[in-house]
Amino acid sequence: MSSSARTSPGRRPAPDGYGRPERGYAPPRPERPAPAPDPARRASGPSGRRASAAPVPPSAGRRTAARQASDPGGRLLAGAPSWLPAAAVLGGPMLAAIVGKFAGGYHGPAFVVLTIAAAALATAAATANGRWWVVTSLPPVAWLVATVAELAWHDPAYPDTKAKLVGVVHATTNVFPVILAALAVMGLVIAAAVVRGRQSGGGARRV
């Protein structure tokens with residue numbers, strides 16, 4: 001037998017012994033390795049669409065609902081419009097001076113009560129990041145309104161610059177206790193908002 005018949009795997013010896021291939025005989029093809037499974041196809045359903053995300057557990061849904069129940073900006077007055085803090089800080093002392101003028105005195109009890117109420121409203125409607133400008137803006141606004149009211153509505157009017165400087169000192173003396181009271185009330189409102197935020201956060205974690 002020849003060496004080609006021993007080394008050729010694709011030929012079988014014919015009856016005559018010469019190792020010629022038979023007619024219609026095809027050499028066996030090497031088997032191909034099976035392809036690795038595609039994780040994307042594994043995640044997809046029978047129709048070829050990707051499977052939906054894992055269902056959200058009920059505890060996560062309740063936690064989300066609890067967070068949405070409290071104001072996302074940390075407002076004590078939940079649902080307040082964004083323009084309310086600025087309107088209360090700027091317009092509150094002005095309205096207080098106008099009402100106070102017709103109620104017996106632009107630096108009287110009406111001015112005190114309405115200014116403090118406007119400060120509390122502005123702080124309760126402000127977000128946690130917006131309280132700093134509410135607290136820092138109220139004192140100069142209240143002082144400016146009180147000074148303008150003193151110079152414009154004082155009877156008799158201040159005749160000269162020296163007299164107007166005396167009026168500025170008089171307005172500052174009258175508005176300073178109001179500013180201190182307003183700042184104290186604003187501090188109480190901020191403390192209440194912080195406590196409420198901690199309680200709502202702790203309740204959401206316990207769910």
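Modeller: A search of the whole structure finds one aromatic pair, where rings of Phe, Tyr and Trp (for Trp, the six-membered ring) count as paired if their centres lie within 6.5 Å, and the planes are called stacked under 30 degrees apart, edge-to-face over 60 and tilted for the rest. The partners are Tyr 106 and Trp 153, and the pair is tilted, at 6.1 Å centre to centre with 55° between the planes. Because Tyr 106 lies in the loop between α4 and α5 while Trp 153 belongs to helix α6, the pair ties together parts that are 47 residues apart in sequence. Tyr 106 is buried, at 12% relative accessible area, whereas Trp 153 is partly exposed, at 31%; buried means under 20%, exposed over 50% and partly exposed in between, with a 1.4 Å probe and protein chains only.

This is a predicted model, in which local features need pLDDT of at least 70 and side-chain atom pairs count only at pLDDT 80 or more, although totals for chains, interfaces and linings use all residues. Residues are numbered from 1 along each chain as its sequence is written, and side-chain values use heavy atoms, with hydrogens and water left out.

Helix α6, which holds Trp 153, has 23 residues and reaches 32 Å from its first C-alpha to its last, close to the 33 Å expected at 1.5 Å a residue (1.5 Å times one less than the number of residues). A kink of about 30° lies at Ser 137 in α6, shortly before Pro 139; the bend is the angle between axes fitted to the seven residues ending there and the seven starting there. Beyond α6, in the loop between α6 and α7, lies Pro 156, which is joined to Asp 155 by a cis peptide bond with omega about 5°.

The largest nonpolar core has 22 residues, and Phe 111, Val 134 and Val 175 have the most contacts inside it; such a core is a set of buried Ala, Val, Leu, Ile, Met, Phe, Trp, Tyr and Cys residues joined through side-chain atoms within 4.5 Å. Helices α4, α5, α6 and α7 each give two or more residues to this core, and α6 supplies the largest share, seven residues. Val 175, leaving aside neighbours within four places in sequence, is in contact (heavy atoms within 4.5 Å) with Phe 111, Ala 142, Trp 143 and Ala 146.

Helix α5, residues 109-125, has end C-alpha atoms 24 Å apart, which agrees with the 24 Å that its 17 residues should span. Its buried residues include Phe 111, Thr 115 and Ile 116. Thr 115 counts as buried because its relative accessibility is 1%, and its side chain reaches the backbone oxygen of Phe 111 at 2.7 Å. With neighbours within four places in sequence set aside, Thr 115 is in contact with Pro 93, Ala 96, Ala 142 and Val 178.

As for the setting, the protein chain has seven helices and zero strands (DSSP runs numbered from the N terminus, H or I of at least four residues for helices and E of at least two for strands). Of its 207 residues, 26% count as buried. Among contacts between residues at least 6 apart in sequence, 67% join residues at least 24 apart.

Terms used. Polar contact = N/O pair within 3.5 Å; in protein donor to acceptor, adjacent residues only side chain to side chain.
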